[in-house]
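Visitor: Hello! Could you walk me through this structure, one question at a time?

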Amino acid sequence: MPDRFSPRIRRALAAAGIVFRFVLFFGGLGFAVWFAVVWFPDAYNPFVPPDIRDEPNIVTGLKLRGLADEYDICVSVVRASGTKYRRDSIASDSEGCGMPQGLTLEQSRISYGGGIQLTCPATAALLMWERHVVAPAAAEHLGSEVTRVRHYGTYACRNVNNAQSGRRSGHARGDAIDISGFDLEDGRRISVLDDWGSDTPEGRFLAAVHDGACGLFSTVLGPDYNDLHANHFHFEMARWGICR
C-alpha cells in the first residue's frame with residue numbers, strides 16, 4: 001500500500017478489503033444454494049429428498065444419508081415407492097443398542113423370507129438397491145429374475161465382528177443387513193460363499209450387486225474385505241464410508 005496514506009487509512013482500507021472478501025464469499029455461497037434449490041432437477045438437488053423410483057446418481061447417497069434425522073420425510077419416501085411397511089422401534093437397555101425410529105419391511109418387489117427391521121434410511125437404500133441394482137444385474141448376467149434375497153439378519157445388539165469388547169456394530173442400531181445369497185425364478189441359487197470371485201454369470205452378478213450398493217449404502221463390505229465376510233455382504237448406513 002503506498003506510503004502516502006497514513007497508518008490509520010491503511011488499516012481502514014485493509015479492513016474494508018477483508019469485509020469485501022467476506023461479503024463476496026458468502027454472497028457467492030448464498031447464490032450457489034439458491035441456484036441449487038431453484039434450478040437443479042430434483043434428482044440432482046441434494047436439498048430434495050430422494051425418490052426410490054429414480055435412477056441413482058452422484059448425489060443419491062448424500063440424499064439417503066440426509067434422511068437420518070428426518071424420520072417422517074423418510075417414511076414418506078418409502079411410502080411413495082409403493083412398498084408395504086410399518087413403523088417400528090426396538091427398545092434396548094444395553095448401551096449403544098436399540099432402534100427408536102425404524103421400519104419393518106413387510107413386502108417389496110423381492111422376498112427376504114420375513115420382516116426386515118431397519119432404520120428408515122437403510123430401508124430406503126435397500127429398496128433402491130433391489131430396484132436399480134439387483135433387478136438390472138440379474139437381467140444382464142443371469143437371464144432370470146431374483147425372487148428372494150437371503151440374509152443373516154438386520155438388528156442385533158452386538159459389537160463389530162461379534163467381539164467381546166469394542167465399538168458397537170451397525171446392526172446394534174438397525175443400520176445394517178448381511179446379504180448371503182439369492183434365489184432365482186428359474187430355480188438357481190447363488191451364494192456369496194460359493195460364487196464370489198468366479199468368472200461365471202453368477203460371479204459377475206455378485207460383483208455387480210456388491211459394487212452397485214456402494215453408491216447407496218455408506219459402508220459395503222464383502223469377501224475381499226476380510227475372512228469374516230467370506231460368506232456375505234455387509235451393507236450399512238454409517239457415518240463414514242468404505243467400499244471393499
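Guide: Gladly, and let us begin with a definition: axes are lines fitted to C-alpha atoms, for helices over the stretch in contact, and angles run from 0 to 180 degrees between N-to-C directions. Helices (H or I, at least four residues) and strands (E, at least two) are DSSP runs, numbered from the N terminus. This is a predicted model, where local features need pLDDT of at least 70, side-chain atom pairs count only at pLDDT 80 or more, and totals for chains, interfaces and linings use all residues. Residues are numbered from 1 along each chain as its sequence is written, and side-chain values use heavy atoms, with hydrogens and water left out.

Visitor: At what angle do α3 and α4 pack?

Guide: Two packed helices are described by the angle between their axes and the distance between the axes. For α3 and α4 the axes are 9 Å apart. Their packing angle is about 25°.

Visitor: Which word describes how α3 and α4 lie to each other?

Guide: Angles under 35 degrees count as roughly parallel, over 145 as roughly antiparallel, 65 to 115 as roughly perpendicular and the rest as oblique. The angle here is about 25°. The two helices α3 and α4 are therefore roughly parallel.

Visitor: What is the order of the strands in the open sheet?

Guide: Two strands pair if DSSP finds at least two bridges between them. The sheet has 3 strands with antiparallel pairing, in the order β1-β2-β3.

Visitor: Which strands are the edge strands of that sheet?

Guide: An edge strand here pairs on one side only. That describes β1 (84-90) and β3 (116-119).

Visitor: Which strands does helix α3 touch?

Guide: Helix α3 covers residues 71-80 and packs on the sheet. Its direction makes about 150° with that of β1. The strands touched by α3 are β1 and β2.

Visitor: Is strand β5 largely enclosed or open?

Guide: Buried means under 20% relative accessible area, exposed over 50%, and partly exposed in between (1.4 Å probe, protein chains only). In β5 (residues 176-184), 9 of the 9 residues are buried, so the strand is largely enclosed.

Visitor: Which residue of β8 stands opposite isoleucine 179?

Guide: Strand β5 pairs with β8 (residues 233-236) in the antiparallel sense, over 4 bridges. The residue opposite isoleucine 179 is phenylalanine 233.

Visitor: Which residue takes a positive phi in the hairpin of β5 and β6?

Guide: Strands β5 and β6 (residues 189-191) run antiparallel and are joined by 3 bridges. The hairpin has 4 residues between the strands, and the phi in question is near 100°. The residue that takes it is glycine 187.

Visitor: Is threonine 60 buried or exposed?

Guide: Threonine 60 lies in helix α2 (residues 60-65). Leaving aside neighbours within four places in sequence, threonine 60 is in contact with Glu55, Met128 and Leu216. Its relative accessibility is 4%, so threonine 60 counts as buried.

Notes: Contact = heavy atoms within 4.5 Å.
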